[in-house]
Amino acid sequence: MWPPPALSRRTLPPRHPSVQGSSLSRSWDLDRQIGDNHDVLIECRDVHKSFGDKRVLQGVSFKIRRGEAVGIIGPSGTGKSTILKVIAGLLAPDKGEVIICGKKRNGLVSDEDISGLRIGLVFQSAALFDSLNVRENVGFLLYENSNLPEERIGELVAETLAAVGLKGVEERMPSELSGGMKKRVALARSIIYDDTKETIEPEALLYDEPTAGLDPIASTVVEDLIRSMHVTGKDALGKPGKIASYVVVTHQHSTIRRAVDRLLFLHEGKVVWEGMTQEFTTSTNPIVQQFASGSLDGPIRYI
Ligand SMILES: Nc1ncnc2c1ncn2[C@@H]1O[C@H](COP(=O)(O)OP(=O)(O)OP(=O)(O)O)[C@@H](O)[C@H]1O
């Protein structure tokens with residue numbers, strides 16, 4: 001029987017998040033290089049967010065353009081996951097704007113129908129439903145929200161699992177999967193879509209620490225998978241990737257090197273540096289230098 005009685009729509013893993021703008025301490029300025037904003041998918045403009053007295057985001061601005069692979073890095077607790085949730089429409093900013101494909105997000109994802117861009121958020125924990133098998137987890141949104149027959153959803157699930165290199169695991173329970181497999185199942189769940197819809201919008205994916213807790217080889221598998229799902233890559237079936245742009249929050253150097261092209265450095269609730277990945281280790285910014293070297297000496301202080 002579908003849906004399982006224990007689950008309501010409110011338990012759904014969030015799927016359609018949103019965007020951002022730009023204010024940098026560094027002179028990296030794509031606007032000037034490109035000249036207009038026609039290819040900006042997501043923009044955060046001066047986004048602020050507090051939890052009680054704790055000011056977490058204090059004026060975050062940046063843009064994500066079509067085709068980009070962007071990493072967000074920075075010290076723990078600096079608001080990286082929070083900005084992903086704001087973009088995804090899971091948290092409302094206290095101040096500032098989130099703009100998706102030129103349209104301002106007016107509320108949370110549950111309150112509105114954002115058109116122009118599908119946004120998927122892949123949680124660090126994979127966030128699978130333990131009581132559902134892989135097929136039910138991956139097809140969850142289609143079982144809940146589409147008019148597709150169950151048989152067709154099963155086919156789409158199988159195709160999507162194959163695209164992330166996981167054939168034939170549909171009937172397994174999450175407890176029977178390794179950590180890396182769970183992350184790939186979560187990825188499959190975020191990219192599956194109803195292919196009978198008249199207009200299929202481009203999709204942006206937001207990954208929150210996709211390689212956390214994985215060994216180096218499993219990390220490489222996930223990093224390459226993230227690349228392969230991008231429009232510039234090819235999936236496990238050799239088909240072009242469909243993800244227009246993605247954003248990865250990570251602490252892992254391998255993920256920075258392997259899975260993203262551009263970096264935003266978040267510190268104390270602001271973007272304090274941005275640049276191409278190869279510029280990260282040669283930056284003269286003292287915050288970036290300290291972070292890149294892992295030194296205890298420098299402007300970043302942990303209590
Ligand atoms: N829902 C919430 N309620 C209260 N405080 C929150 C909430 N979400 C986040 N915070 C606090 O906001 C701060 C930023 O959290 P966030 O998870 O965004 O940081 P982060 O940069 O992703 O950290 P890490 O790198 O350690 O994962 C933390 O101090 C966290 O405790």
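Reader: How many bridges join strand S7 to strand S8?
Author: The model is predicted: local features need pLDDT of at least 70, side-chain atom pairs count only at pLDDT 80 or more, and totals for chains, interfaces and linings use all residues. Residues are numbered from 1 along each chain as its sequence is written. Strands (E, at least two residues) and helices (H or I, at least four) are DSSP runs numbered from the N terminus, and two strands pair if DSSP finds at least two bridges between them. S7 (residues 203-208) and S8 (residues 243-249) run parallel, and the number of bridges joining them is 6.

Reader: Which element supplies the largest share of the shell around the ligand?
Author: The shell residues are near the ligand (C-beta atom, placed from the backbone, within 6 Å), and they include Phe51, Gly77, Lys80 and Thr82. At least two residues come from each of strand S2 (54-65) and helix H2 (80-88). The largest share, 3 residues, is that of H2.

Reader: How many residues of the shell around the ligand are polar?
Author: Ala, Val, Leu, Ile, Met, Phe, Trp, Tyr, Cys and Pro count as nonpolar, Asp, Glu, Lys and Arg as charged, and the others, Gly among them, as polar. With 2 nonpolar and 2 charged residues, the polar count is 6.

Reader: How many residues of H6 are buried?
Author: Helix H6 (residues 179-191) reaches 19 Å from its first C-alpha to its last, close to the expected 18 Å, which is 1.5 Å times one less than its number of residues. A residue is buried with 20 or more other C-beta atoms within 10 Å of its own, exposed with 12 or fewer, and partly exposed in between, C-beta atoms being placed from the backbone. Contacts (C-beta atoms, placed from the backbone, within 7 Å) show that the cover of the buried residues includes S6, helix H5 (150-163) and helix H7 (216-229). H6 is largely enclosed by the rest of the structure because, of its 13 residues, the number buried is 12.

Reader: Which residue of S2 is the bridge partner of valine 47?
Author: Strand S1 (residues 40-51) and S2 are antiparallel over 9 bridges. They form a hairpin with 2 residues between them, and glycine 52 in the turn has a positive phi of about 60°. The S2 partner of valine 47 is valine 60.

Reader: Is arginine 301 buried or exposed?
Author: Arginine 301 sits in the segment after helix H10 (286-293). Because it has 8 C-beta neighbours inside 10 Å, arginine 301 counts as exposed.

Technical notes: Contact = placed C-beta atoms within 7 Å.
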